[in-house]
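The following note sets out a colleague's comments on the structure shown below.

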Amino acid sequence: MNRLDTRFFDWGLFRRDVRRDVRLCVWFTLFAIGVNLLVGIIVQSVGMAMNPQTMDAVRQGLASGGLSEAAQGAEDTMSGTLMALATMAGAVIGPLVFLIYRRKRFFGDLAMPARERLTPRLFIFFILGTQAVQLLYGFLVTYVDFLLKPTGISLQGDYSSLMDQVLFNPVGMTYVIAVGPVFEELVFRGALLGGLRRYGENFAIILSSLMFGFFHMVVLQIPFAFFIGLLLGYVASRYSLRASIALHMAVNALSTLLTMLPSSGAASTAGGLAMLACTVIFIVWLILKRRSFTLRVRAGAAYYDGTYRAAFSSIPLWIYLVLLGFVGVAQLLLMPGAS
């Protein structure tokens, strides 16, 4: 920690500065989400208006007490494509908000110049780390699903049904692999982490990752995105924003590939063994490099006393976390299959 001579340091002004910058991060992120949702609603409305045959089939099916298999398939295809198109349009337009906010000194250098060179070996190491997190988190979700079984709620099943509509079409895959990572890295690692970095690297990484996790607004994804955000934040802070974008793209591409594998059979077994191998290699590598990693984390821990306390006394931050957390729970309860 930085130990400052309190004779020349105004702690009240410092706390106000932290709360102000956290508040700017929150409003900026909510504004970006609002732009995304607004554009998404417009795109979905236009898309539905341009597909009257499919909508007629859906309405007739609902009027008769259920959708036929063909109508259900048409609705799923249309919903998935429109959802992907809407989200992609919002993600493309969302960074325009940056052009407005970047003029403010708070957001600093969006590019986050590299302080170290990211070697191919390190890049592979970080990919292994994301797979290790995914495997360990998968075990945790399976255990939680077991505990929730009496309620009829299935985290994995409900989330899979939602993602199937988005991933199993070219537009959705393009968004998840290519467009989404750029948008999210610009917002959370470029603006938020860059804006909070003055208070300490670790503080900026943790708080921007927390906001990144809740941004996903799906119960199953919030903790997972938080942990992945920690890794992406470390990469952006050390190796530049371009490096975190490349890693984010690679992680999403690999996750999409694993999602598309059959849920049973040789392919599923091979995928599980591959993730297990990644986890073992990552843990062994981390043990061997623990001294270097510990020194880097300690070097980034230079934040002023009271920084976290000041940040979490910001009312807008709690509004953000409660609001998006509530949306995530609501989605879980409203998904098909939930009791």
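What is the mean pLDDT of the protein, and what percentage of its residues reach 70 or more?

1. The model is predicted. Its mean pLDDT is 76, and 68% of the residues reach 70 or more. Among the elements of the protein, the lowest mean pLDDT, 56, belongs to helix H2 (residues 52-63), and the highest, 92, to helix H8 (residues 201-215).

2. Two segments call for caution in reading. Over residues 1-7 the pLDDT stays under 50, and the model has eleven contacts beyond four places in sequence for them. Residues 66-76 likewise stay under 50, with twelve such contacts in the model.

3. Helix H9 spans residues 221-239, which makes 19 residues. From first C-alpha to last it reaches 25 Å, close to the 27 Å expected at 1.5 Å a residue.

4. The structure holds 15 aromatic pairs. In one of them, tyrosine 199 and phenylalanine 203 have ring centres 6.2 Å apart and planes at 90°, so the pair is edge-to-face. Tyrosine 199 and phenylalanine 203 are both buried.

5. One aromatic cluster is formed by Phe125, Phe126, Tyr234, Tyr239, Phe282 and Trp285.

6. A charge also sits over an aromatic ring: the charged end of arginine 189 lies over phenylalanine 212, 4.3 Å from the ring centre.

How values were computed. Residues numbered from 1 in each chain as written. Predicted model: local features only at pLDDT ≥ 70, side-chain atom pairs only at ≥ 80, totals over all residues. Heavy atoms only, no water. pLDDT = per-residue confidence, 0-100. Helix = DSSP H or I, 4+ residues; strand = E, 2+ residues; numbered from the N terminus. Contact = heavy atoms within 4.5 Å. Expected span 1.5 Å × (residues − 1). Phe/Tyr/Trp six-rings, centres within 6.5 Å; stacked < 30°, edge-to-face > 60°. Buried < 20%, exposed > 50% of the residue type's maximum accessible area, 1.4 Å probe, protein only. Lys NZ or Arg CZ within 6 Å of the ring centre and 35° of its normal.
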